[in-house]
Amino acid sequence: QVQLVESGGGLVQAGGSLRLSCAASGLPFSSYVMGWFRQAPGKEREFVATSWSGRFTKYADSVKGRFTISRDNAKNTLYLQMSSLKPDDTAVYYCAAGVVFGTSGGSYDYWGQGTQVTVSS
C-alpha cells in the first residue's frame, strides 16, 4: 500500500532553517504530484508547496522566497527546505501525493502522518 513518511521536524529558533523529508513507497513516485501542507493548532490545514515532475512548482504566498520544494525521483523522496523561519510557521507539516497539480487538499489522495515544526521567537 501507499506510505508517506515525513521526517526532519523539530524545534528551531526564528530565523533558522530546517529540511523536511518525505519518503514515499507503494506508488509510481515520479508520476505523482507531491505536496506539502501544514496545520497549526486551532487552524485549518493550509497549502504550502507542490511539485509536479520536478519542473513545475507552486508555493503559498506566505512561504514564497523562504521555502523550496524539491524531489529526488530516484530515491522516491520529497523535500521541503525551510529558511528564515518565523513563529507563524509553527505547525504539523504533512506530505501528500495526488494526480492533480493543485493547491487544495482535496486534490491529493494520500497523506503522511505529519511532522511537527516549532519555531520559537
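Colleague: Why is Ser-84 called partly exposed?

Modeller: The relative accessible area of Ser-84 is 42%. Buried means under 20%, exposed means over 50%, and partly exposed lies in between, with a 1.4 Å probe and protein chains only. Ser-84 therefore counts as partly exposed. This is a predicted model, in which local features need pLDDT of at least 70 and side-chain atom pairs count only at pLDDT 80 or more, while totals for chains, interfaces and linings use all residues. Residues are numbered from 1 along each chain as its sequence is written, and side-chain values use heavy atoms, with hydrogens and water left out.

Colleague: Where is Ser-84 found, and what is its phi?

Modeller: Ser-84 is in the loop between β8 and β9. Its phi is positive, about 50°, although the residue is not a glycine. Asn-76 also has a positive phi, about 55°, and is not a glycine either. The loop between β7 and β8 holds Asn-76, and its relative accessibility of 27% makes it partly exposed.

Colleague: How many helices and strands does the protein chain have?

Modeller: The protein chain has zero helices and 11 strands. Helices (H or I, at least four residues) and strands (E, at least two) are DSSP runs, numbered from the N terminus.

Colleague: In what order do the elements run, and what makes the chain as compact as a globular protein of that length?

Modeller: From the N terminus on, the elements read β-β-β-β-β-β-β-β-β-β-β. The radius of gyration is 13 Å, close to the 14 Å that the globule rule gives for 121 residues, so the chain is as compact as a globular protein of that length. The radius is taken over C-alpha atoms, and the rule is 2.2 Å times the number of residues to the power 0.38. Along the principal axes, the C-alpha atoms fill a box of roughly 40 × 25 × 25 Å. Of the 121 residues, 43% count as buried.

Colleague: What makes Arg-38 and Asp-89 a salt bridge?

Modeller: A salt bridge is a side-chain nitrogen of Lys or Arg within 4 Å of a carboxyl oxygen of Asp or Glu. The closest N and O atoms of Arg-38 and Asp-89 are 2.9 Å apart, so the pair meets the rule. It links distant parts of the chain: Arg-38 is in strand β4 (residues 33–39), and Asp-89 is in the loop between β8 (77–82) and β9 (91–98), 51 residues apart. By this rule the count comes to four salt bridges.

Colleague: How do you know that Arg-38 and Asp-89 are buried?

Modeller: The relative accessible area is 5% for Arg-38 and 2% for Asp-89. Both residues therefore count as buried.

Colleague: Which salt bridge does Asp-89 form with Arg-66, and how far apart are the closest N and O atoms?

Modeller: Asp-89 and Arg-66 form a salt bridge with their closest N and O atoms 2.8 Å apart. This pair too links distant parts of the chain, with Arg-66 in the loop between β6 (56–59) and β7 (67–72), 23 residues from Asp-89. Salt bridges that share partners join Arg-38, Glu-46, Arg-66 and Asp-89 into one network. Arg-66 is buried, its relative accessibility being 12%.

Colleague: Are Lys-64 and Asp-61 buried or exposed?

Modeller: Both Lys-64 and Asp-61 are exposed. They form a salt bridge, with the closest N and O atoms 3.2 Å apart.

Colleague: Why is Ser-51 called buried, and which residues does it touch?

Modeller: Ser-51 has a relative accessible area of 1%, and therefore counts as buried. Its place is strand β5 (residues 46–52). Contact means heavy atoms within 4.5 Å. Not counting residues up to four places away in sequence, Ser-51 touches several residues, including Tyr-32, Phe-56, Ile-69 and Phe-101.

Colleague: How do you know that Ser-120 is partly exposed, and which residues does it touch?

Modeller: At a relative accessible area of 27%, Ser-120 counts as partly exposed. It is found in strand β11 (residues 115–120). Leaving out residues up to four places away in sequence, Ser-120 touches Leu-11, Val-12, Gln-13 and Ala-14.
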